[in-house]
Each structure stands twice: as structure tokens, then as C-alpha cells.
Amino acid sequence: MSHNGFFGTFGGKYVAEVLRKPLDDLEIAFDKAMQDPSFLEELRTLQRDFIGRPTPLYFAENATKILGGAQIYIKMEGLAHTGAHKINNALGQALLAKKMGKTRIIAETGAGQHGLATAAACAKLGLPCEVFMGEVDVRRQQPNVAAMEMYGAKVISVKSGSKTLKDAINEAMRDWAAHFDNTHYLIGSALGPAPFPDMVRFFQSVIGKEVQEQSQERHLDIAALCACVGGGSNAIGFFAPFIDKDAPRLIGAEAGGIGPGQNENAVRMSGSAAKDGIVHGYKSRFLLDDDGQVAETRSISAGLDYPGIGPQLADLGKNGRIEFRAITDNQALEALQFFAKNEGILFAMESAHAGAVALQIAKEIPKDKAIIINMSGRGDKDIFITSPVFRPFEWEQFLQSELDRLKQGTDIHYAESLPTNLKKELENK
Ligand SMILES: *Cc1c(COP(=O)(O)O)cnc(C)c1O
């Protein structure tokens, strides 16, 4: 847990006066829920039946043989409902908001994965949901926008600033400040002002707790845990039960992008480019430009390009408990192919960064020890990113033929014959 919202020098609650009360109320409600057996029981049931927990801890036997060192295990978070770990947090916070009597959920999203998880959780719990998303991201991430709308969420296109994730967060904070009496702001990673980092870690720590049980059952001697780090929620949840121990090694993989230069990556911990700063209500390590503004970042994985990092991870990196490594786009693509071809498992691009760390260290570690990779998500969602890389010509032809099909209007009769209530809903958008 944090001390007064701080992890060492990082964290805190740097917000406008009006947000102090909703943050305090949230902290009290969260503390109460943690002591409430009926809340925890309801959460456990939903985790089991809605998310599909526990997710398997899978022995990657082929990979282990090929690499010739430590036993490789994969925590299969990608099998969770909606395809990634994000649903653990979305569902937990939505349930808490409902207990608090909130009647509206707002969220920010970048690539759309957090928006998708939040929309699904809200549909399940019967809460109206609005997702703030930069206009640029809305255009780039139409498959996820479509899915959010399927789940009944309203996607609000943010036109300020660079029209991406950081602007979506600002806009969500502004909305929350105006509507906190009935609205909960469901932040998507282990960051933001206190109590969000503690709360998100708790909801994601179901990953680490399961890993602890599953590895004890099999008597694994764990040498290292590998996770990718965007904002840091899958990593901190996976690491949580092990943080206060001396072992295993905890390794965070950051987006090394296309290289070490400015705006070429999202390396906040393993390089020297990031600085201490206060952004989005908390103090941490941030990539800033020469004017002290949040810098543009780059990564092949849409989930790892946030310019900051959760405050607890920043602190654990600073004091050496967590090691950070920068994994380039190409190294992640290599890891993606390795696990797909040898294990029949398709990692999300983000998670492939964690897989790449395992490929680097497996041989240095003896065969009687284990490395566990958190596969934070599955790779189906990345077909628009991986196909242009691995098979650009065929992909272009496919997109062209889809366009042609659309122009011929073969599917229009479905829209025309939709029941009138559905048509009305579409027109009201
Ligand atoms: C969003 C996302 C991440 C990065 O977010 P964290 O908060 O760092 O976990 C990693 N993997 C997947 C599959 C994601 O969707």
C-alpha cells in the first residue's frame, strides 16, 4: 500500500480543489469494500463466471526445450473475457461504483482496449458508460470503437490537444470534476491521483495471487517474472504478492520502439530520457519535450506508448526491486512469431515485449528454475498491425477487396431491414 498516496517520492494527489472530495470519497468506499465480505464474494463470482478466472498457468514445453535453460511458463491473461487483463480492473471499479450509488461511468481510452473492457463491465452491471477517446484514436481504432458501441457505450471523440490518450484523460478529469456526484471515473491503469494506483493494483493482483497458488501447486522454483509495462497495471498486479520478498527477479519490459532517439520509443525507466514530473494528477517519471510538455512516444504496440508510468513502478524501479528492459518493436515481433510457431499461442503486441525478455534471459537461468511471462492479452486484436508487417501485399489486397465489397452495397439490405427500434438507435447517434 502507499503511504498517504505516496510511493517514496512518487504518487500523491495533485488535483484541482474540486476533485479532492470525490477522491476522498472513493478512498473511503474502497477501504470499506475491502472489509466487506459480500462485496468480495460478488467480485469473486463475477471474476469466475464473467471474466473466466482463474486463467491458466501454462507450461511452454516446446519453448523451454528450444531455449535450453529455465522452464518457461505463461500466465494466460489473454484468455480473460474481452481478451486482456484490463477487464479485471474495469469490472472491479464498476462494481465498486455501483455500491457507491453512482449511476454513470466515464473512462478514457487510447487504443480502445480499456474502453472495451469498461463498456463490457458496464453492460454487465447495468451502468451507462461514456468513453473519452482522442479523435485521432477514434479514426485509427475503429474495430474497438465498434465493439464499445455494441456493448452500448457512448464514445466521445476528444478534439483538444494532440487528440490522443493524454487529451482523453484531461477531458475525462474535467467531466468528473463537473459530475462526480453521480459519476465514477474508471481509470484504466495503475496511475492517476491516489487512491487509483492502490485500487487498480488490488483489482489486478488477482493475477499474482493466482500465479502464487498455481506455482506452489506445481512446486515451481521461480527465478523471474516478466511483464510488459505501459501504465503498469498488468505488471503491478502480477508482481504484487512478490514485491516485499527478495525473490524472484521482477522484470518490466518497456516499449523500445524503433530506437533510442527522442520520440522513437516509450522508455521511461531503463533509459535516461524521462524526468520527474507531475502529470494527470500524480508525480512520476515522464517523457517530456523541451518545453516540459508531455512528449510524443512511439511503439508498435498501442498499449505501451503512454509517456508516464504508474508511481509505484517508478518507485520500485528507482530502488532496484524491479529491473526494466527496453524491447524494440522488432524484438517484440520476433517473440510474437516464436511463441505462435512453437507454442500455438498468439501474444498481444504488448505482451510480446514481456515474451522477448524471457527469450533474452532463459539460457542464463538453470533448468530447474522457472520464468513466468504474463501474457497480458491475446493477439487477435493486432491483426491490423501484424498483417501489414508479415504479409503486406496480401493484406493490402484484402483491404481493397473489402472496400470493393462495401461499395457494391451487398450488406446494405441488413441495415434496411433492421427492426425500427434498432434503426432509431442508430439515427440518434
Ligand atoms: C493496455 C494493455 C497493456 C498496457 O497496460 P498496463 O496498464 O501497463 O498493463 C498491456 N497489455 C495489453 C494486452 C493491453 O491491452
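1. A definition to start with: the domain bounds used here come from an automatic or database domain assignment. With that in place, the shell around the ligand takes at least three residues from domain 1 (6–50 + 86–197) and at least three from domain 2 (53–82 + 205–383). Please keep in mind throughout that this is a predicted model.

2. Let me stay with the ligand for a moment. Its surroundings consist of 17 residues, and the closest are Lys86, Ser189, Gly232, Ser233 and Ser376. Sorted by class, this shell holds 11 polar residues, four nonpolar ones and two charged ones.

3. Which side chains place a polar atom by an oxygen atom of the ligand? Ser189 is one of them, with a polar side-chain atom 2.6 Å from a ligand oxygen. Ser233 also has such an atom, at 2.7 Å from an oxygen atom of the ligand. For His85, an N or O atom of the side chain is 2.9 Å from a ligand oxygen. As for cover, the ligand has 380 Å² of accessible area on its own, and the protein covers 97% of that area.

4. Next, the six-stranded sheet. This sheet is open, its pairing is mixed, and its strands follow the order E3-E4-E14-E9-E10-E13. Strand E3 (57–59) and strand E13 (322–328) are the edge strands, each pairing on one side only. On average, neighbouring strands in this sheet are turned by 25° against each other, direction ignored.

5. Strand E4 (residues 71–75) and strand E14 (residues 370–374) run parallel and are joined by five bridges. If you want a residue pair to find it by, Ile74 has Ile373 as its bridge partner in E14.

6. There is also an open sheet of four strands, with parallel pairing and the order E7-E6-E5-E8. Why is one side of E7 and of E8 left without a neighbour in the sheet? Strand E7 (154–158) and strand E8 (183–185) stand at the edges and each has a single partner strand, so one side of each has no neighbour there.

7. Strand E6 (residues 129–134) runs parallel to E7, and five bridges join the two. Across this pairing, Glu130 stands opposite Lys154 in E7.

8. Now for a hairpin. Strand E11 (residues 275–279) and strand E12 (residues 282–286) run antiparallel, with five bridges joining them. Asp276 stands opposite Arg285 in E12. Two residues sit between the strands of this hairpin, and His280 takes a positive phi near 50° in it.

9. Finally, some backbone details for your checklist. Most peptide bonds are trans, and most residues other than glycine have a negative phi. Where are the cis bonds to look at? Another cis bond runs from Ala194 to Pro195, with omega near 10°; Pro195 has its place in the loop between E8 and helix H9 (196–217).

10. Asn4 is not a glycine, yet its phi is positive, at about 55°. You will find Asn4 in the segment before strand E1 (6–7).

Methods. Residues are numbered from 1 along each chain as its sequence is written. This is a predicted model: local features need pLDDT of at least 70, side-chain atom pairs count only at pLDDT 80 or more; totals for chains, interfaces and linings use all residues. Side-chain values use heavy atoms; hydrogens and water are left out. A residue is near a molecule or strand if one of its heavy atoms lies within 4 Å of it. A polar contact is a pair of N or O atoms within 3.5 Å; within protein, one must be able to donate a hydrogen and the other to accept it, and residues adjacent in sequence count only if both atoms are side-chain atoms. Accessible areas come from the Shrake-Rupley method with a 1.4 Å probe; for residues, only the protein chains shown count as cover. Ala, Val, Leu, Ile, Met, Phe, Trp, Tyr, Cys and Pro count as nonpolar, Asp, Glu, Lys and Arg as charged, and the others, Gly among them, as polar. Two strands pair if DSSP finds at least two bridges between them. Axes are lines fitted to C-alpha atoms, for helices over the stretch in contact, and angles run from 0 to 180 degrees between N-to-C directions.
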